[in-house]
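Please have a look at it first, and then I will take it piece by piece.

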Amino acid sequence: MEEGVLFQWSVFRSLLAILQWWSFNVTVIIMNKWIFQRLDFKFPLTVSCVHFICSSIGAYLVIKVLKLKPLITVEPEDRWRRIFPMSFVFCINIVLGNVSLRYIPVSFMQTIKSFTPATTVVLQWLVWRKYFDWRIWASLVPIVGGILLTSITELSFNMLGFCAALFGCLATSTKTILAESLLHGYKFDSINTVFYMAPFATMILAIPAILLEGVGVVLWFQTHTEIFSAMVIIFSSGVLAFCLNFSIFYVIHSTTAVTFNVAGNLKVAVAVLVSWLIFRNPISAMNAVGCGITLIGCTFYGYIRHMLSQQPPGRVLLWEQNRGEVLVRSFGSSLRLSLSIVAATV
């Protein structure tokens with residue numbers, strides 16, 4: 001009886017974690033699109049900078065004031081040698097995501113972001129000379145095919161928004177790969193990741209935002225009539241972007257890797273549906289089919305990665321070419337670290 005109650009509570013906690021993660025994620029995406037489209041605040045660098053500032057303050061409050069999470073101490077030299085390069089890529093990733101939202105519908109942007117597993121594998125293969133199990137490559141076929149079908153049939157296609165979303169996938173993959181080497185030895189969660197990276201990202205982005213968008217922001221303030229309500233929405237988006245990172249930490253610790261993967265792909269479907277209900281952007285039947293194929297491919301890819309990671313050490317072959325030698329290595333990777341780093345992106 002007691003075991004049954006504990007199991008029910010575990011299931012309820014997992015569902016609650018997933019629902020609140022979905023809520024924060026979809027709300028942030030919709031609010032950002034609302035800011036660009038309905039408020040006509042078409043300044044993605046400034047919006048990203050506001051998000052970084054809110055995240056910096058939020059992480060400081062959680063760790064230093066409320067002490068809800070212990071601070072992971074990082075050596076001063078490592079902050080510049082390891083954290084700063086990661087923050088730079090982190091900053092580019094967030095900016096590209098907001099730029100893509102500025103020009104293309106949420107449905108198209110979310111589908112393209114699902115291309116990240118493919119770019120991660122290809123980058124590791126090209127740059128790090130890592131060769132993966134054939135099932136990994138096979139799982140990428142529906143992802144690539146779905147993205148191609150979605151792009152060809154997208155009725156609101158914009159080349160700048162498409163390129164921003166695609167390069168955003170590359171930035172996400174680069175960030176995830178670099179995390180395994182640059183942050184080796186540090187077991188970061190999503191809150192500590194934001195605590196260290198958000199201030200650097202703010203510093204990196206502040207000057208370009210002022211130089212490139214400063215005049216436009218001033219003109220927007222002069223011509224916009226409802227300044228107070230607009231500022232509430234913009235800064236609320238920043239606060240919710242930080243809350244999203246906190247919710248990611250909760251969902252990672254409340255679910256399994258497989259559940260997280262499936263829930264992440266269903267989240268994309270929810271975001272697409274909600275954005276269509278609000279913005280009514282046209283979606284053709286073939287476009288919806290392409291999106292569905294992509295999500296199925298992502299789910300299959302996550303399942304294959306998890307299945308291979310559960311095999312005994314040394315059983316999964318990951319070949320690395322180095323100086324003409326073939327080394328057999330285990331596929332074991334730091335899943336929690338990768339999820340925590342990815343969690344910092346919106």
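Let me begin with confidence, since this is a predicted model: among the elements of the protein chain, helix 2 has the highest mean pLDDT, at 94, while strand 3, residues 325-329, has the lowest, at 34. Across residues 316-346 the pLDDT stays below 50, although this stretch has 82 contacts in the model beyond near neighbours in sequence. For the protein chain as a whole, the average pLDDT is 82, and 86% of the residues score at least 70.

The largest nonpolar core holds 37 residues, and the ones that touch the most other members are Phe-52, Ile-83, Met-86, Cys-91, Leu-183, Phe-188 and Leu-205. At least two residues of this core come from each of helix 2 (44-65), helix 3 (76-103), helix 7 (159-182) and helix 8 (190-223), and helix 8 gives the most, with 11 residues. There is also a second, separate core of 35 residues, and Leu-101, Met-109, Ile-136 and Ile-147 are included in it.

Is Thr-150 buried or exposed? Thr-150 counts as buried, because its relative accessibility is 1%, and the cut-off for buried is under 20%. Leaving aside residues up to four places away in sequence, Thr-150 touches Phe-108, Thr-111, Asn-287, Gly-290, Cys-291 and Thr-294.

Notes:
Residues are numbered from 1 along each chain as its sequence is written. This is a predicted model: local features need pLDDT of at least 70, side-chain atom pairs count only at pLDDT 80 or more; totals for chains, interfaces and linings use all residues. Side-chain values use heavy atoms; hydrogens and water are left out. A nonpolar core is a set of buried Ala, Val, Leu, Ile, Met, Phe, Trp, Tyr and Cys residues joined through side-chain atoms within 4.5 Å. Buried means under 20% relative accessible area, exposed over 50%, partly exposed in between (1.4 Å probe, protein chains only). Helices (H or I, at least four residues) and strands (E, at least two) are DSSP runs, numbered from the N terminus. pLDDT is the predictor's confidence in each residue, from 0 to 100. Contact means heavy atoms within 4.5 Å.
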